[in-house]
Amino acid sequence: MISLGQLNLDSETAFTLLPELVMLVGVMAIILIPNLGNATFRMPLTNLRVPILIGGSRFETTNDPRMPNRIATATFAIAFASSLLMIDSTSEEVGGLLRSDAFSRLFSAMFIGALLLVSVATTHRIPAKRNAKVPADGDSEAVTSRKMAALIDNRRQVDFHILLIMVGLGMSLMAMSTNLFMLVVCIELASLSTYVLVAFHKEEDVGGEAGAKYFIVGSAASAVGIYGMSLLYIWSGDLSLDALADKWGQMQGIDPFAAFGIGLMMVAFGFKVSAAPFHLAAPDAYSGASSPISGLLATASKAMGFVALIRVLVMITIPDFGEESFWFLMLAVVSVVTMSWGNLAALTSENPKRMLAYSSVAHAGYMLAAISVVGSGLAGEEGTRIILIAITFHLAVLVLFKLGAFLVLSLLETEGGGHRMQDLHGLGKREPLIAGSMFVFMLSLAGVPPLSGFLSKLLMVNGIVSSSAGTGSPSTTSVYSWIETVDPVFFLAAAIVANSALSLFYYLRLSLVMFFEESERPSRLKSAPSLRMAIMACAALTVMCGIGPASEWLVGLVTTSIDSLLG
Amino acid sequence: MSESKSEAGLLVYILPFLAIVPLMHNQGWDSSEAAILIVAVPFVTFPVILVVGQLYNGHDTWKNKLKEGGILALGALGTSLSAALWIIYDYFDALPDFGDQHSISQWLEWVSFDLLQSDYTLTSETNILGVGVWVDSVTLMLLFVATFLCFLICWFSLGYMNTDPINEDRNHRFYGEFVLFALGMFGMVLADNFLWLFIFWEIMGLCSYLLIGFYYWKESAAYAAKKAFLTTRVGDVFLMVGLFMLYDIYGSLEFSVIFHDPSLHGAVDSAQLFWALLMMFIGAVGKSAQFPLHVWLPDAMEGPTPVSALIHAATMVNAGLYLVARMVPFVDVGHHGVPGLEDLGLIVAYVGGITAFMAAAIAFVQNDIKKVLAYSTMSQLAYIFTGLGAALWFYNHDEHHAAVVVFGASMFHLFNHAMAKGMLFMASGSVIHEVHHAHDHLHHGHGDHGHFDPQDMRNMGGLASKMPITATAMMVGSMSIIGIPLIGGFWSKEGIIAETWLAALDHEPLMIGPAILVILTAGMTGFYMSRMWFMTFAGEPKSDVVEHVHEATPWIKEPLIVLTVVSALGGIAFALLGATDYLSSSYGDAGHLKLHESTLMESVIYQLEHAFLPENQNLRLVGWTTILLSFIIGPVFAARIHGGPLSEGESATPAVSWLVRISGKFGSQDVSSLSESDLAEALENRLYFDDLYEGLLAKTVLPMASFAAWFDRNVIDGVIKQIESNSVSGSLQIRTITTGSARDYILMAVVGMLSIIALIWGISS
């Protein structure tokens, strides 16, 4: 038995933490295995090589630059399967800071699933090239691009995948945290890794700049959030979520320390979910990063923010039903601004990645609107449950179609495209299956039945509308009197519907150019079989999770997890 | 012949399809589980044909080995046929188990989330979208008709469509839509609730549009397709309203719920139910091309001939009859039916009688071989409607015995008519195809197209010697339609006419209208069907093209031969097995196909006695009048005008040569003065119904449509364009905030943070 502070790592705990331990082992393996046989040991994420006494040159297999990717993919696959299986198991406390229950396991499955897709999608970026050099100023364009290609695909793969697994570790532990301190630390673990991943192509100007901006704004937001957390600590003297919730329940009126603390934490979490006006760095980061990483930011990273929001807003300040929570108005305003801003900005975006980034902002707005209804005091116990189910379901299926859309762009990146609308021109002729999948993703993002995006939006709007359903005076004579008397919550649903209508415009425009414009390049794209497989899987699941038994299964899973959260 | 031999090898490709059902049987599956195959296999096949056809258009294997998808279609329909046969076999084998429970399985539930249904808005009390199978004797009969004929027509199409150069590289569209059409009919027949019935009904509506407009570049075809679609749409709207009303009454559309106790112990208002059923009947009128929604059917001949066969025999028009047949439980007062619905029966019978007479009259002057058949279809379906009307009336009057007889006869006539008409259309297709072929052959390079119409019977004549199989098939089919004693339709038509008269004489004086109309129509049928045959096959050739006609195209003969046998012997065979009793057993005691008497001979005598010498003296008179009119007077007049021996040196096959010889024996009659009369002109103009409708549409719908178009263009589009331009300018403005500088981003975040603090300050203090 190993003891790590409070944590006694006996066999039972080990089983409870299986996905995390698997990822830990994966990191170790990626650090060790590529060095096997070599006389020096490369410190990960650096250029330092430490001589060790035995060995010569590396083995054939350990020399293979695809090795880290394989290890990472296998790690994620095992971790994904184990966390998926653990959704049904009972809730377990680990070391006072973590709890493994259906809710946290559903989210860790979501995070790791997204990472698994990213990992599968990056396989094709790894041709065996060694001794890559940074392009010098005087190089010709051809030389620069050749050097660049070699550079992107060199042995920094090890670093890339270490970071990827660290993101997974951070996110997965974050979902399990029962302590606000642990929660923030895990968010930072995941966030710092994503900052580096965004800037991973540091030799390209866009990547470096995007990473730097994302890092600066993110750190500022985190700092504010941590300041808010310290206010909460002053107020309560304990950062455990249960203790905070108890304290909140006993509070008379609203203590400004607590309210400001939570308000400031909203800034940090608002940045994570890219809510307006904290979202501004997101489009830059999305377009600067490689597409799979952008997809990761848009799905897993966003889901992480929502877990934090749910934990803090719903679980700590769990509203007395029938009474409006202090954060209702704030969140409602933010949500409407966010969804409108996202959709409006996406409308004229000429870069598909930026467009998807703004669409992701808009989706955050929809989900924030749904959360704010919980705070309106109208939802009641059942309404809260339904809204949380809707949000969680949306986050889960978002992994499929938002990440899927980014993976399609990633396929275009293999020929250097994916940054302009023109790159998508004629994709329907060049790659009918890929274009068809992209079309499915776009329709699902827009919320067209029977795709999963429709179902999740339906669940959300259903939750909001049914919460406000009883409020309007049932006047049969005048619509106006109904509008005057109905609770403003109803108009959140109206805003979602109106925004969805607006969003159709740019989703369909992207689809349109794929099928009705002529391509500049008539040839087929690179084969990249694993990436294609990931895209197809996403498309198939997008359809299946919208209708039929698979969707019922997923809704059942989400319901279990929310029930375990609400106890 | 050599061509035909080499292509028979292609049938190997359909073997895997045919193997599915035996394999399932071997694996211990139940036939009720195979029911899904009837719809599912075509449903999977049709997109495959369309997509693969689009991708590999013109590819050698696709074109020659798979016949542009025809072989796949044939295979899929073969699976449906074999699964249907399996179900039929099981049904007879395990009849007691089926017993009262007609619905053999419920296998799919539409997505239903407890979440949405728990206590929120999207609750529904009964799951109206559940899919299941409803099997009773009517279902089985229609299922057999549909699967069997679709299979044969598809087979026929392999010859008819694929050898015509005009269809080249387009046939995948034909076969894809053909299969979808077929599955629409299969699904409609099997559906166990009215909603799914309606959905499949609409699939057929769509496919009829697509297939009638197969030659969409021809203006007449595009027009005909639109006309068929819009006319049936009128009926469909009424059907939909009827279904809404039905749902309002019963709170469900499932057969098992509704049919179990349609009166709900007297709680159902008969007037409301009457209107619901009437609305549904109008839907059936549209689908089955009855007066006054009959105008689309003759134009539907613009589609390829197999499509005509499909619409007229196997699928579409039978749907309306099926729907009316499904109304029986509502009116059957012996089994919880709602009393007071006699008027419905009268209306149905009148619509049937009027259509029967009118269509037969118009058929007198048609010269296009397919048009004659089209009007004949209308007329024969009208018989069935008349019979169903009488059956509804009897059921509602609790005259159970008479009701059962006439309902069974009507359904049996549906069977006989479908078999005969399917064959007649294919035979006419064979004629048209070969005449066209001969014409192309003869005038190759003369650029003489356009003047010659291969469908015009005035260009034919004397084909009996050139096309022996087709001539025989057509003769048997016509006889079945006419109701020549002992052949095909005779056994069912007699029953309809006799029982309609029984209703008129013994019970309801108003029934006399349909009764007179149908008996007159019997004679007229004798005339126009004989006329068609004599014009085509007897007499001397009326154009040089006809001299060069040969029966040479592969795939065409086999379905004709099969259906000739079925049409000739099916009637008497099933009559001996008590088909009428069996078919009307759905709503009473469980039925079974069996001999009426203990031995075959006694049964034959019983049936003959029943048909020719019924006990009721009135019926005996009616029966013999019908025989006289249809068997003697009609054909003899036709022979006098159009009959005649073949030209010198030609000899027909023995099967038809006797008829050719007889047709010359009645002398000849010149009817040119009659054919120039006002009546003939009115008939040629289809009694001006088309003009009337078009005039009405121009006065009513078109002004409204142009107003709607104006409103759409200016008001709605205007609003949308305004929204669009506002959104775009808003978008451009909001994007200027995204400067790309991290300083500005942080500034915005600070603004956001301060707003949050301000909001909280405001609320908490």
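Two residues are in contact if their C-beta atoms, placed from the backbone, lie within 7 Å. With that in hand, let's work through some exercises.

This is a predicted model, in which local features need pLDDT of at least 70 and side-chain atom pairs count only at pLDDT 80 or more, while totals for chains, interfaces and linings use all residues. Residues are numbered from 1 along each chain as its sequence is written, and chains are lettered from A and ligands numbered from 1 in the order in which they are written.

**Exercise 1.** Work out how many residues of chain A and of chain B take part in the contact, and which helix of chain A gives the most.

Step 1. Chain A brings 40 residues to the contact and chain B brings 30 residues.

Step 2. Several helices of chain A supply at least two residues each, among them helix 9 (205-236), helix 14 (328-347) and helix 16 (380-413). Helices here are DSSP runs of H or I with at least four residues, strands are E runs of at least two, and both are numbered from the N terminus.

Step 3. Helix 11 of chain A gives the most, with seven residues.

Step 4. By class, the side of chain A that touches chain B has 29 nonpolar, seven polar and four charged residues. Ala, Val, Leu, Ile, Met, Phe, Trp, Tyr, Cys and Pro count as nonpolar, Asp, Glu, Lys and Arg as charged, and the others, Gly among them, as polar.

**Exercise 2.** Describe how helix 20 and helix 24 of chain B pack.

Step 1. Helix 20 (residues 400-442) of chain B and helix 24 (residues 557-576) of chain B have axes 9 Å apart, at an angle of about 160°. Axes are lines fitted to C-alpha atoms, for helices over the stretch in contact, and angles run from 0 to 180 degrees between N-to-C directions.

Step 2. Helix 20 of chain B and helix 24 of chain B are therefore roughly antiparallel, a label for angles over 145 degrees.

Step 3. Residues making this contact include F412(B) and M419(B) of helix 20 of chain B, and L560(B) and F574(B) of helix 24 of chain B.

Step 4. The contact of helix 20 with helix 24 of chain B has eleven nonpolar, seven polar and no charged residues.

**Exercise 3.** Decide whether F534(B) is buried or exposed.

Step 1. Find F534(B) in helix 23 (residues 512-537) of chain B.

Step 2. F534(B) has 26 C-beta neighbours inside 10 Å, so F534(B) counts as buried (20 or more is buried, 12 or fewer exposed, in between partly exposed).

Step 3. Leaving out residues up to four places away in sequence, F534(B) touches G539(B), A638(B), A639(B), H642(B), G643(B) and S663(B).

Notes. Parallel < 35°, antiparallel > 145°, perpendicular 65-115°, else oblique.
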